[in-house]
Amino acid sequence: MAYYDSIYQDHELGPRAKAVYIYLKDHANKEGTCWPGINTIAAGVSLSRSTVKRALEDLVKAGLVEKSSRWRENGSFSSNLYQIK
């Protein structure tokens, strides 16, 4: 768990952002990317959808996560891709 030390000691991030960051980090591949849906993250960390969205905004603002949209071949939205920094 030493790789979370910087997150644990970051007093600028609230508990919701820390929980979501740890969830994303645990579900990321070797390159640090993952693409869980908001509902999946919310269920995984026992937070509401809106709280997860706010936490993701906090992480993006802090520069810890990059978020980009993914689209299906038919042009409909698929899910967000998260790149852990």
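The following dialogue explains how to read several features of this predicted model.

Reader: Where do nonpolar side chains tend to be found in soluble globular proteins?

Author: In soluble globular proteins, such side chains tend to be buried together. In this structure, the largest nonpolar core comprises 22 residues, and Val 20 and Leu 24 have the most contacts inside it. The elements giving two or more residues to this core are α2 (15-27), α3 (38-45), α4 (49-61) and β3 (77-84). Of these, α2 gives the most, with six residues.

Reader: Which residues does Val 20 touch, not counting those up to four places away in sequence?

Author: Val 20 touches Ile 41, Val 45, Leu 47, Val 52, Ala 55, Leu 56 and Leu 59.

Reader: At what angle do α2 and α3 pack?

Author: The angle between them is about 110°, and their axes are 10 Å apart. Since angles of 65 to 115 degrees count as roughly perpendicular, α2 and α3 are therefore roughly perpendicular to each other. On the α2 side the contact is made by Ala 19, Val 20, Tyr 23 and Leu 24, and on the α3 side by Thr 40, Ile 41, Gly 44 and Val 45. These residues divide into six nonpolar, two polar and no charged.

Reader: Is Ser 46 buried or exposed?

Author: Ser 46 counts as exposed because its relative accessibility is 66%, and the cut-off for exposed is over 50%.

Reader: In what order do the strands of the sheet stand?

Author: The open sheet of three strands has the order β1-β3-β2, with antiparallel pairing. Because β1 and β2 (65-71) stand at the edges, each with a single partner strand, one side of each is left without a neighbour in the sheet. The antiparallel pairing of β1 with β3 extends over two bridges, and Cys 34 has Tyr 82 in β3 as its bridge partner. The helix α2 lies across β1, β2 and β3, running at about 95° to β3.

Reader: Where is Ala 28 found?

Author: Ala 28 is in the loop between α2 and β1 (33-34), and is partly exposed, with a relative accessible area of 22%. Leaving aside neighbours within four places in sequence, Ala 28 is in contact with Thr 33, Cys 34 and Ile 84. Ala 28 and Ile 84 are 56 residues apart along the chain, yet their C-alpha atoms are separated by 7.7 Å.

Notes
Residues numbered from 1 in each chain as written. Predicted model: local features only at pLDDT ≥ 70, side-chain atom pairs only at ≥ 80, totals over all residues. Heavy atoms only, no water. Core = buried A, V, L, I, M, F, W, Y, C linked by side-chain atoms within 4.5 Å. Buried < 20%, exposed > 50% of the residue type's maximum accessible area, 1.4 Å probe, protein only. Helix = DSSP H or I, 4+ residues; strand = E, 2+ residues; numbered from the N terminus. Contact = heavy atoms within 4.5 Å. Axes fitted to C-alpha atoms, helices over the stretch in contact; angles between N-to-C directions. Parallel < 35°, antiparallel > 145°, perpendicular 65-115°, else oblique. Nonpolar A, V, L, I, M, F, W, Y, C, P; charged D, E, K, R; others polar. Pairing = 2+ DSSP bridges.
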